[in-house]
Amino acid sequence: MAKENKTMDEIHRGLLKKYHTLCTVLGLSAEEKTAIAESYGVESSRDIDTHDLVNICAKLSEQANKKTGTADMDKLRKRVMAAIGKYLTASGRESNASLIKAIACRATGHGEFNKIPRERLRNLIALFNNKVKDSEAVDNLTAAEEVLRQMGTLYGVTMPKGEA
């Protein structure tokens, strides 16, 4: 039982450290931190229940992500993965998260997917979305050319390839 309590104490200490780090990132004053503690019926953040600390840290993390722009970066990374995945699927190739990240890293020259800067992520999204659109346009064009060639054959007119 003592080991279990020690583990819970370690978890609580870790959450408390995270709480104070997040408060610093968000620039919360001592009064604001006290107000948070008091809203949970205690005088000090050390006395906040572990489960409540988990909830508080989640809310503060969300605010910190919005403040630092990392939430935006996560959305961009997901959009890159979707764009590359759609391209791979459209070209009939295998698609999985590791392959997609490897392609993004090779395309940008970065060794780690999460280190790709914002502008390069935007470029990748546009690049792969355009590749899919261009491929679809070419497929539609060649399909239309084939239909015209078949119609010409049906009516006795032969059309050289590339002139339909």
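In which helix is Tyr-87 found? Tyr-87 is found in helix 4, where helices (H or I, at least four residues) are DSSP runs numbered from the N terminus.

A word on the model first. This is a predicted model, in which local features need pLDDT of at least 70 and side-chain atom pairs count only at pLDDT 80 or more, while totals for chains, interfaces and linings use all residues. Residues are numbered from 1 along each chain as its sequence is written, and side-chain values use heavy atoms, with hydrogens and water left out.

Leaving aside neighbours within four places in sequence, Tyr-87 is in contact with Arg-93, Phe-128, Lys-131 and Val-132; contact means heavy atoms within 4.5 Å. Phe-128 and Val-132 are also among the buried residues of helix 6, together with Leu-121, Leu-124, Ile-125, Arg-149 and Gly-152. Here buried means under 20% relative accessible area, exposed means over 50%, and partly exposed is in between (1.4 Å probe, protein chains only).

In soluble globular proteins, nonpolar side chains tend to be buried together. A nonpolar core is a set of buried Ala, Val, Leu, Ile, Met, Phe, Trp, Tyr and Cys residues joined through side-chain atoms within 4.5 Å. The largest such core has 18 residues, and the members that touch the most others are Val-80, Ile-84, Leu-88, Ala-104, Phe-113, Leu-121 and Phe-128. Helix 4 (70-90), helix 5 (97-108) and helix 6 (118-154) each give two or more residues to this core, and helix 4 gives the most, with 7 residues. Another core lies apart from it, with 15 residues that include Leu-16, Cys-23, Val-42 and Ala-64.

Helix 6 has 37 residues and reaches 54 Å from its first C-alpha to its last, close to the 54 Å expected at 1.5 Å a residue. That expected span is 1.5 Å times one less than the number of residues. After helix 6 comes Gly-156, whose phi is positive, near 80 degrees.

The axes of helix 5 and helix 6 come within 11 Å and cross at roughly 110 degrees. Axes are lines fitted to C-alpha atoms, for helices over the stretch in contact, and angles run from 0 to 180 degrees between N-to-C directions. Helix 5 and helix 6 are therefore roughly perpendicular to each other, a label that covers angles of 65 to 115 degrees. On the helix 5 side, the contact is made by Ile-103, Ala-104, Ala-107 and Thr-108, and on the helix 6 side by Arg-120, Leu-124 and Phe-128. By class, this contact has 5 nonpolar, 1 polar and 1 charged residues. In that scheme Ala, Val, Leu, Ile, Met, Phe, Trp, Tyr, Cys and Pro count as nonpolar, Asp, Glu, Lys and Arg as charged, and the others, Gly among them, as polar.

**Buried and exposed residues elsewhere**

Thr-50 is in helix 3 (residues 50-68) and is buried, with a relative accessible area of 14%. Thr-50 touches Ile-11, His-12 and Leu-15, not counting residues up to four places away in sequence. Ser-61 also lies in helix 3 and is buried at 18%; leaving aside its neighbours within four places in sequence, Ser-61 is in contact with Lys-18 and Leu-22.

Ser-98, found in helix 5, is exposed at 56%. Glu-119 lies in helix 6 and counts as partly exposed at 48% relative accessibility.

The table gives some C-alpha to C-alpha distances.

| Pair | Apart in sequence | C-alpha to C-alpha |
|---|---|---|
| Lys-17 and Arg-46 | 29 residues | 9.9 Å |
| Ser-98 and Met-81 | 17 residues | 9.9 Å |
| Tyr-87 and Leu-127 | 40 residues | 10.0 Å |
| Glu-119 and Val-54 | 65 residues | 34 Å |

Notes
Angles under 35 degrees count as roughly parallel, over 145 as roughly antiparallel, 65 to 115 as roughly perpendicular and the rest as oblique.
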